Amino acid sequence: MASVNTQKNIKFLTALFFISINSLIILMDQQISFDEKMMNRALFLADKAEALGEIPVGAVLVDERGNIIGEGWNLSIVNSDPTAHAEIIALRNAAQKIQNYRLLNTTLYVTLEPCTMCAGAILHSRIKRLVFGASDYKTGAVGSRFHFFEDYKMNHGVEITSGVLQDQCSQKLSRFFQKRREQKKQQKATALLQHPRLNSPEK
């Protein structure tokens with residue numbers, strides 16, 4: 001009798017284990033799907049920055065229920081403001097909306113790895129989770145160039161998810177800088193044509 005009960009318990013625990021695993025997989029799939037949805041929104045916002053001549057970076061901040069409470073795109077050139085990165089704009093909008101400088105239990109989606117300035121703002125606003133697309137090997141503060149959030153002395157921990165729609169985010173930036181280089185070459189060539197003396201040999 002005891003052996004039968006043991007077998008039943010094993011079967012029950014095995015079934016419960018597989019149900020838990022399947023539920024976890026479903027939740028993970030749902031999270032991945034939502035992350036990609038929000039990153040696509042951030043990519044759309046990045047297009048707004050590019051249309052203004054800014055580096056195409058977009059950011060979206062959502063609350064714990066998945067509602068968008070803040071959005072932003074690069075405006076440093078337009079606003080003559082070195083702090084007007086997409087992340088900062090999104091955080092400011094959200095803080096104004098909820099009337100609180102603490103953005104607890106929120107997730108920030110951004111197309112490019114944040115710099116040290118934006119990482120500091122993320123820390124001070126107490127954002128729970130950061131999701132970014134492309135890595136920034138020149139100024140990225142979340143592992144690519146600096147390791148801002150890995151300091152054990154930090155009084156707030158941030159969950160990090162990187163590489164969401166990485167190819168799309170990277171390609172958008174690469175196309176922008178390639179286009180900018182071509183425009184500069186064209187401007188230089190036009191300037192030389194307009195000033196033929198610059199191109200003629202000295203006598």
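Hi everyone. When I say contact today, I mean heavy atoms within 4.5 Å. Keep in mind that we are looking at a predicted model.

Let's start with Met39. Setting aside neighbours within four places in sequence, Met39 is in contact with Tyr109, Val110, Thr111, Val131, Phe132, Gly133, Val164, Leu165 and Cys169. Met39 also turns up in the largest nonpolar core, which has 37 residues. Along with Leu61, Leu108, Leu130 and Phe149, Met39 is among those with the most contacts inside that core. Which elements give two or more residues to this core? They are helix 1 (2-51), strand 1, helix 2 (86-98), strand 3, helix 3, strand 4 and helix 4 (166-194). As background, nonpolar side chains in soluble globular proteins tend to be buried together.

Now to strand 3, residues 107-112. Six of its six residues are buried. On one side of the pairing story, strand 1 (residues 58-62) joins strand 3 in the antiparallel sense over four bridges, and Ala59 has Val110 as its bridge partner. Strand 4 (residues 129-134) pairs with strand 3 too, in the parallel sense and over five bridges. There, Leu108 is partnered with Leu130. To get from strand 3 to strand 4, the chain passes through helix 3 (residues 116-125), and this β-α-β crossover is right-handed.

Asp136 is buried but has no salt bridge. The nearest side chain of opposite charge is Lys138, 7.3 Å away. What is Asp136 in contact with, leaving aside neighbours within four places in sequence? Leu112, Glu113, Ser144 and Arg145. Thanks, all!

Technical notes:
Residues numbered from 1 in each chain as written. Predicted model: local features only at pLDDT ≥ 70, side-chain atom pairs only at ≥ 80, totals over all residues. Heavy atoms only, no water. Buried < 20%, exposed > 50% of the residue type's maximum accessible area, 1.4 Å probe, protein only. Pairing = 2+ DSSP bridges. Right-handed = clockwise from strand over helix to strand, strands pointing away. Lys, Arg positive; Asp, Glu negative; His and termini not counted. Salt bridge = Lys/Arg side-chain N within 4 Å of Asp/Glu carboxyl O. Core = buried A, V, L, I, M, F, W, Y, C linked by side-chain atoms within 4.5 Å.
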